[in-house]
Amino acid sequence: MNVSIVGSGYVGTTVAACLADYGHEVTNVDIDEGVVAAIESGEAPIHEPGLADLVAEYGGERLRATTDYAAVRETDVTFLALPTPTGDDGRIDLGVLKAGVRSLGEALASKDDPHVVVVKSTVVPGTTEETVAPLLAEASGKTPGEDLHVAANPEFLREGSAVADFRDPDKIVFGTDTDFARDRLREVFEPLLADADAALVETGIREAEMMKYANNAFLASKVSLVNELGNVCKEYGVDAYEVADALGLDDRIGARFLRSGVGWGGSCFPKDVAALIAAARDAGYDPAMLEAAVEVNDEQPERLLDLLETHLDPAGKRVAVLGLAFKPGTDDVRNSRAIPVVEGLRERGAEVVAYDPVATENMRERFPDIEYARSAADALDGAHGTLVVTDWDEFAALDDAFDAMADPVVVDGRRIVERREGITYEGLTW
């Protein structure tokens, strides 16, 4: 099948490469010429485990990339994987999505056959029907439900495991209002449905849009609740991880997302929870639990800094920050918990030295004036304290590197470092 995908970020590139791997002819459309050139030459434009191999195998052949929207006319279905960031008020910004929709509609104006446009971008309920469909109809001159069909197919991909998540999903959601759109989506995903043990959820468009928000809001709230419980455990000298292990044995709760720590970040949880809060308020409802989840999450980095200050005054001291990506396995620093940690250290007058295996250059754009070490050991050498923010596996193997610190104070926000003699160890919630 011929598939086009507008947008070549974490979602668009991953979905494109995986669909090519399942035998489809896929075309990425993106306005970034550098990204297009990278895909065409077989190079992944982002760091994601397993993605580089797929792009290397199919890039320039079964997986093509272009800046020309006219390419969509040669495809049967187009997925929109464009960013929908939130503003200061939490509402999603549809500017990029609308621009892409207009360009797509103009390109489809001269296509004779019916076309299906699938919104994969995260949007609040009603956006596909009330914004995307009318814009497409206006730009293309086509009639929704006849020669133009819209649908929603939310993604549930985690950065750092997106390829694996695509290949082995818990669920695949089709939000449609026409049989034509539903049948096209079935055709696109038929190889995956045949290969994976995934539940297929076929529902309305608004329900599909809401499912993504409900998914992320629930998981973010679960993490915040576990962190809140961990904070209480800390006050009583209780091992929060032992408590969480017992919690996980209850099948009503489950063992996943029970590791207390410095909180959640990334491109999805923060913006999706904020957008859902804003949408609920617009509808006249006060989502108190979601607001509390955000409040707890925002406080965790400050707790990490407070624990450091119980052992040393960071002013004028060299303090290492280990981990800059919002989670291991990715170079994405969007809403990373390292950002408020670095900001807090600078406000306290510390000399910050940071290290991350893959995210250094992305964080350098945010903090160009702090020192970046070439290795974790280099960051620790001569440091008076260290804050562990991301749980990269290599941090668990440092051990002797802590002996090179001027004052071996280790405040661990992820329980990745082994507590031992010779270091002053402090866990965030244990």
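1. Thr390 counts as buried because its relative accessibility is 1%, where buried means under 20% relative accessible area, exposed over 50% and partly exposed in between, computed with a 1.4 Å probe on protein chains only. Thr390 is found in the loop between S12 and helix H15 (393–396), helices (H or I, at least four residues) and strands (E, at least two) being DSSP runs numbered from the N terminus. Leaving out residues up to four places away in sequence, Thr390 touches Leu322, Gly323, Leu324, Ala325, Lys327, Pro328, Asp356, Phe395 and Arg414, contact meaning heavy atoms within 4.5 Å.

2. A word on the basis of these remarks: this is a predicted model, in which local features need pLDDT of at least 70 and side-chain atom pairs count only at pLDDT 80 or more, while totals for chains, interfaces and linings use all residues. Residues are numbered from 1 along each chain as its sequence is written, and side-chain values use heavy atoms, with hydrogens and water left out.

3. An open sheet of six strands runs in the order S11-S10-S9-S12-S13-S14 with parallel pairing, two strands being paired if DSSP finds at least two bridges between them. Strand S11 (371–372) and strand S14 (424–427) stand at the edges with a single partner strand each, so one side of each is left without a neighbour in the sheet.

4. Within this sheet, S9 and S10 pair in the parallel sense over five bridges, and Ala320 stands opposite Val353 in S10. S9 is also joined to S12 by four bridges, again in parallel, with Gly385 in S12 as the bridge partner of Val319. S12 in turn pairs with S13 in the parallel sense over four bridges, where the partner of Gly385 is Val409 in S13.

5. S12 deserves a look for the directions of its side chains: Gly385 and Leu387 point one way from the strand and Thr386 and Val388 the other way, and all are buried. Leu387, setting aside residues up to four places away in sequence, touches Leu304, Leu305, Leu308, Val319, Ala320, Val321, Leu322, Val341, Leu345 and Val411.

6. Strand S1 (residues 2–6) and S2 run parallel and are joined by five bridges, among them the one in which Ser4 has Thr27 of S2 as its partner. Strand S2 (residues 25–29) is mostly covered, four of its five residues being buried.

7. Which residue makes a polar contact with the side chain of Asp331? The partner is the side chain of Tyr10, at 2.6 Å, a polar contact being a pair of N or O atoms within 3.5 Å, of which, within protein, one must be able to donate a hydrogen and the other to accept it, and residues adjacent in sequence count only if both atoms are side-chain atoms. Asp331, in the loop between strand S9 (318–322) and helix H12 (338–347), is buried yet has no salt bridge, the nearest side chain of opposite charge, Arg334, being 7.8 Å away. Here a salt bridge is a side-chain nitrogen of Lys or Arg within 4 Å of a carboxyl oxygen of Asp or Glu; Lys and Arg count as positive and Asp and Glu as negative, while His and the chain ends are not counted. Residues up to four places away in sequence aside, Asp331 touches Tyr10, His47, Val358, Ala359 and Asn362.

8. Gly266, in the loop between H9 and helix H10 (269–282), counts as buried at 0% relative accessibility. The C-alpha atoms of Gly266 and Val333 are separated by 6.7 Å, although the two residues are 67 residues apart along the chain. Not counting residues up to four places away in sequence, Gly266 touches Phe326, Arg334, Asn335 and Ser336.

9. Glu309 lies in helix H11 and is partly exposed, with a relative accessible area of 37%. Apart from neighbours within four places in sequence, Glu309 is in contact with Pro314 and Arg348. The C-alpha atoms of Glu309 and Arg348, which are 39 residues apart along the chain, are separated by 9.7 Å.
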